[in-house]
Amino acid sequence: MAYDTINVDINDHIATITLDRPEALNALNSQLLGELCDALEKADASDKVRCIILTGSEKAFAAGADITEMMDQTFVDMYTKAFFRSETDRFNATRKPIIGAVAGFALGGGCELAMMCDFIIAADNAKFGQPEINLGVIAGIGGTQRLTRYVGKSKSMEMHLTGRFMDAAEAESCGLVSRVVPAKSLLDEAKSAAEKIAEKSLLATMAAKDAVNRAYETTLAEGVNYERSVFYALFSTEDQKEGMTAFKEKREPRMRDK
């Protein structure tokens, strides 16, 4: 399927989805989010895809939500239409791992979109921020919740109240991104990580993603109980037998997702 606001490339079991609204610095509007969710759902259902990369341009991952689409909306409009709700629910329903490859501006909705990825590899020119306060509103796609969980209350509160940006080095130091790489090698690094993930058992990678995400949704005791139940369940798979046999035989495993 051809899209107007994103590009999709599938190669070596990796789906690379590139946001493509250069005239608006990839600002998130209903069309882009709808096309993105459609592409994610297709990748999630495809036997040809084992990992997903989400990226933008070198100048901007996404510079925010599209203000022109929202500025004339009323409370009743936003509430009854549930702006962004269905799109974020669809995004978060993706079971295969999503790597955010972020260069340039990731602001407002762009920062929130990056944080919905399973982990972020940032270019050294990346800048993150939640500057919605400058528009008389606050984050509306999970920014107050996810940023606080990732970087702590004090730093999150400062960014939401002042609108200041965080550069890539600070984002790495506080755990918002997994690592920082030169901008020119961002996609190569993201693809290298995706290739490593694609080699693993898809059953195990989806289980790991689900278990890690549970850490933000429940208590430690309940999270450990959930992890243990999934750990036990994976012993019913052919991939567990193959993985441990290959380790014992000192060879690479041949995972079959069974």
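**A cavity and a helix pair**

Tutor: Welcome! In this predicted model, the largest cavity has a volume of about 50 Å³.

Student: What makes this space a cavity rather than a pocket?

Tutor: A cavity is a set of points where a 1.4 Å probe fits but cannot get out, whereas a pocket is an open set. With a cut-off of 30 Å³ or more, the count is one cavity.

Student: Which residues line the largest cavity?

Tutor: The lining is made by L33, L36, C37, F84, E87, T88, F91, L113, M116 and I141. Two or more of the lining residues come from each of α1, α4 and α5 (109-116). By class, the lining has eight nonpolar residues, one polar and one charged.

Student: Why are α1 and α4 called roughly parallel?

Tutor: Helix α1 (residues 30-45) and helix α4 (residues 85-92) pack at an angle of about 25 degrees. Angles under 35 degrees count as roughly parallel, so α1 and α4 are roughly parallel to each other. Their axes lie 9 Å apart, and their crossing is left-handed.

Student: How do you know which residues make the contact of α1 with α4?

Tutor: Contact means heavy atoms within 4.5 Å. On α1, the contact is made by L33, G34, L36, C37, D38, L40 and E41, and on α4 by E87, R90 and F91.

Student: What classes of residue does this contact of α1 with α4 have?

Tutor: There are five nonpolar, one polar and four charged residues in the contact of α1 with α4. Gly counts as polar, so G34 of α1 belongs to the polar class.

Conventions: Residues numbered from 1 in each chain as written. Predicted model: local features only at pLDDT ≥ 70, side-chain atom pairs only at ≥ 80, totals over all residues. Heavy atoms only, no water. Axes fitted to C-alpha atoms, helices over the stretch in contact; angles between N-to-C directions. Helix = DSSP H or I, 4+ residues; strand = E, 2+ residues; numbered from the N terminus. Parallel < 35°, antiparallel > 145°, perpendicular 65-115°, else oblique. Left-handed = near helix turned anticlockwise from the far one by under 90°. 1 Å grid on protein atoms, 1.4 Å probe; cavity = no way out; pocket = protein on both sides within 12 Å on 5 of 7 lines; lining within 4 Å. Points joined across faces, edges and corners; volume = space filled by probe spheres on them.
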